[in-house]
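Hello,

Here is the structure you are taking over. My notes on it follow below the view.

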Amino acid sequence: FPRLGDVLCLLGALSWSLYIVRLSKFMQTGADATRLQAWKTVILAGMYGLWCAYDALQLSAAALPLSTLWPGVGLGVAWAVLLYSALGPGAVADVLQSKGQEK
């Protein structure tokens, strides 16, 4: 029987494949690539926020500090790397992918 991690990895790959196929179909309808990716980012940020809140509640219940979630939370360079990777290549790649799939 496959392990849970293997199943989750396969489900993630399947979900990503379906996203790419559906994105191609959707972009051919003339949707705005930047607006679509902005909404995707907002929705994912909300989902990640819920995940973080869940973990924070678990840590709080175990009387552990919230800095356990991310030991680098107090480092400016850690935030700079996070913001760069999210806003730089991440956002640009999403928009360029959508634009490329318009055709």
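W16 and Y19 sit three residues apart in helix α1 (residues 4–27), so about one helical turn separates them. Please keep in mind that this is a predicted model. The ring centres of W16 and Y19 are 4.9 Å apart and their planes meet at 40 degrees. Planes under 30 degrees apart would count as stacked and those over 60 as edge-to-face, so the W16 and Y19 pair is classed as tilted. Both residues are partly exposed: W16 has 45% relative accessibility, and Y19 has 22%.

Another tilted pair is formed by Y48 and W51, whose ring centres lie 6.4 Å apart with planes at 45 degrees. The cut-off for pairing is 6.5 Å between centres, so at 6.4 Å Y48 and W51 are counted. These two residues belong to helix α2 (residues 33–61), where they are three residues apart, about one turn of the helix. W51 has a relative accessible area of 55%. The threshold for exposed is over 50%, so W51 is classed as exposed. The count of aromatic pairs in the model is three, and the two described here are among them.

Next, the largest pocket. The space in it comes to about 300 Å³. Its lining is made up of 15 residues, and those nearest the centre of the pocket are T41, L44, A86, A91 and D94. Two elements, α2 and α3 (76–100), each give two or more residues to this lining. Which of them gives the most? That is α2, with eight residues. By residue type, the lining of the largest pocket has ten nonpolar, three polar and two charged residues.

Last, helix α3 itself. Is its end-to-end span in agreement with its length, or in disagreement? At 1.5 Å a residue, the 25 residues of α3 should span 36 Å, and the C-alpha atoms at its ends are 35 Å apart, so the two values agree. There is also a bend of about 30 degrees in α3, located at G90. The buried residues of this helix are A78, D94 and S98.

Regards

Definitions and conventions
Residues are numbered from 1 along each chain as its sequence is written. This is a predicted model: local features need pLDDT of at least 70, side-chain atom pairs count only at pLDDT 80 or more; totals for chains, interfaces and linings use all residues. Side-chain values use heavy atoms; hydrogens and water are left out. Rings of Phe, Tyr and Trp (its six-membered ring) pair if their centres lie within 6.5 Å; planes under 30 degrees apart count as stacked, over 60 as edge-to-face and the rest as tilted. Helices (H or I, at least four residues) and strands (E, at least two) are DSSP runs, numbered from the N terminus. Buried means under 20% relative accessible area, exposed over 50%, partly exposed in between (1.4 Å probe, protein chains only). On a 1 Å grid over the protein atoms alone, a cavity is a set of points where a 1.4 Å probe fits but cannot get out, and a pocket is an open set with protein on both sides within 12 Å along at least five of seven lines; lining residues have an atom within 4 Å of a point. Grid points are joined across faces, edges and corners, and a volume is the space filled by probe spheres set on the points. Ala, Val, Leu, Ile, Met, Phe, Trp, Tyr, Cys and Pro count as nonpolar, Asp, Glu, Lys and Arg as charged, and the others, Gly among them, as polar. The expected span of a helix is 1.5 Å times one less than its number of residues. The bend at a residue is the angle between axes fitted to the seven residues ending there and the seven starting there.
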